[in-house]
Amino acid sequence: MSSSWRLLDTGSLSAAHNMALDKVILSARSRNLVPNTVRFLQFSPQCVLVGYHQAVELEVEEEYCRNKGIEINRRITGGGNLYLGDESQLGWELFAPRDSAGIPNRLEDMYRLMCESAIAGLKRLGVTASYRPANDIEVNGRKISGTGGTEIGDAFLYQGTLLTDFDVDTMIASLKLPIKKLEDKQIKSFKNRVIDLKEVLGYLPPMQEIKKAMAEGFADVLEVDLVPGGLTAAEQAMLEEELPQFQSPEWIYGLRTPQQDNELKRAEYKSTGGLIKVSLRLDQTRKVIKSAFITGDFFAYPERSILDLEAVLKNTSSEAPKVQEVVNTFFDTHKVRIPGVKPEDFTQALINAIEGTNNEC
């Protein structure tokens, strides 16, 4: 017999309201004050969100956001910076205890199950999507939803953002990404790494139709009944108490960690099979590759190999032996074939970018 979960649609709210509600609902669920919940959320006005452990000044183009009326706030979950257009983008979230029936104990398995639930919803809209570990959903190798989560007590929050009608140019302008100062051709390649529902289908379904399909996907994969409901009186009271904190500069800016940086480094490396161009966002202080963008005139098989390599490199060590290990393991496990280009060519290109050199072989 299926268990019942609450289906909560909070509509369009400010970034502060939405972030406060994340904490409120998760806290309420951890105290068993509310049932397991699937929540749909939207943002108005448009906003930029940084991850819990990030520093705003390192991740956000603050002057641009101020001039364009783009709100800045901080998630209670980790992960990277992201841009959310007003109202047309759909956020989805699941709140439940870790020991809920059907929820895997292993985090990696839980991530996959949550993403498979969203994928099932997309299928109902006519979209064939797939899961890319550790936490992305893609269509034909292009990202349509990023996900992540956190816990309070024995309850978890797992959330994702479905790109419906997405403004990539505003995202690029509002975030500090590994593509500043690149050629137009490379920026076009970066844009092709994401896709939205409107581009996939050729039109944008009404938001209620999207929500209905996603809810059915969650219900089917999680084997639960979703019952529409609103915020409880306890949640409303908790929201009134928490909201001022999430509106405060102390929350938005006060969690920054000075032992971080976000340096942009680039390099070109000429291999036998073609030119490899690497652009990285590096935290040199912690010796971490925060994000990677790789292009070139080589031919890779499978076609999505480079996108997968970028995903694998994210948040890994920038020390040369570790870079080599990550690249070699990737090529071995993914059966990558690039005529005239060896794993060590990619390793050297990455190390050149990290070290600020630009040698050609």
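A strand here is a DSSP run of E of at least two residues, with strands numbered from the N terminus. Keep that in mind as you look at this structure, which is a predicted model.

Let's start with one residue. T147 lies in strand β9, which covers residues 142-152. Is T147 buried or exposed? T147 counts as buried because its relative accessibility is 11%, and the cut-off for buried is under 20%. Leaving aside residues up to four places away in sequence, T147 touches W92, C115, N135, D136, Y158, Q159 and G160. Two of these partners also show up in the table, which lists where the side chain of T147 reaches.

| Partner of the T147 side chain | Distance |
|---|---|
| Side chain of Y158 | 2.5 Å |

Now for the nonpolar cores. The largest one has 83 residues, and L122, M214 and F218 have the most contacts inside it. Helix α1 (residues 15-30) gives this core its largest share, nine residues. As for L122, its contacts include V127, I144, L197 and M214, again not counting residues up to four places away in sequence. There's also a second, separate core of 28 residues, with I306, V327, A349 and I354 among them.

Finally, take a look at two helices. The axes of α12 (residues 320-334) and α13 (residues 343-355) come within 9 Å and cross at roughly 145°. Their crossing is right-handed. On the α12 side, the contact is made by A320, V323, Q324, V327, N328 and F331, while α13 brings P343, F346, T347, L350, I351 and I354. What kinds of residues make up this contact of α12 with α13? Nine are nonpolar, three are polar and none are charged.

Conventions. Residues are numbered from 1 along each chain as its sequence is written. This is a predicted model: local features need pLDDT of at least 70, side-chain atom pairs count only at pLDDT 80 or more; totals for chains, interfaces and linings use all residues. Side-chain values use heavy atoms; hydrogens and water are left out. Axes are lines fitted to C-alpha atoms, for helices over the stretch in contact, and angles run from 0 to 180 degrees between N-to-C directions. Helices (H or I, at least four residues) and strands (E, at least two) are DSSP runs, numbered from the N terminus. A crossing is left-handed if the near helix is turned anticlockwise from the far one by less than a right angle, and right-handed if clockwise. Contact means heavy atoms within 4.5 Å. Ala, Val, Leu, Ile, Met, Phe, Trp, Tyr, Cys and Pro count as nonpolar, Asp, Glu, Lys and Arg as charged, and the others, Gly among them, as polar. Buried means under 20% relative accessible area, exposed over 50%, partly exposed in between (1.4 Å probe, protein chains only). A polar contact is a pair of N or O atoms within 3.5 Å; within protein, one must be able to donate a hydrogen and the other to accept it, and residues adjacent in sequence count only if both atoms are side-chain atoms. A nonpolar core is a set of buried Ala, Val, Leu, Ile, Met, Phe, Trp, Tyr and Cys residues joined through side-chain atoms within 4.5 Å.
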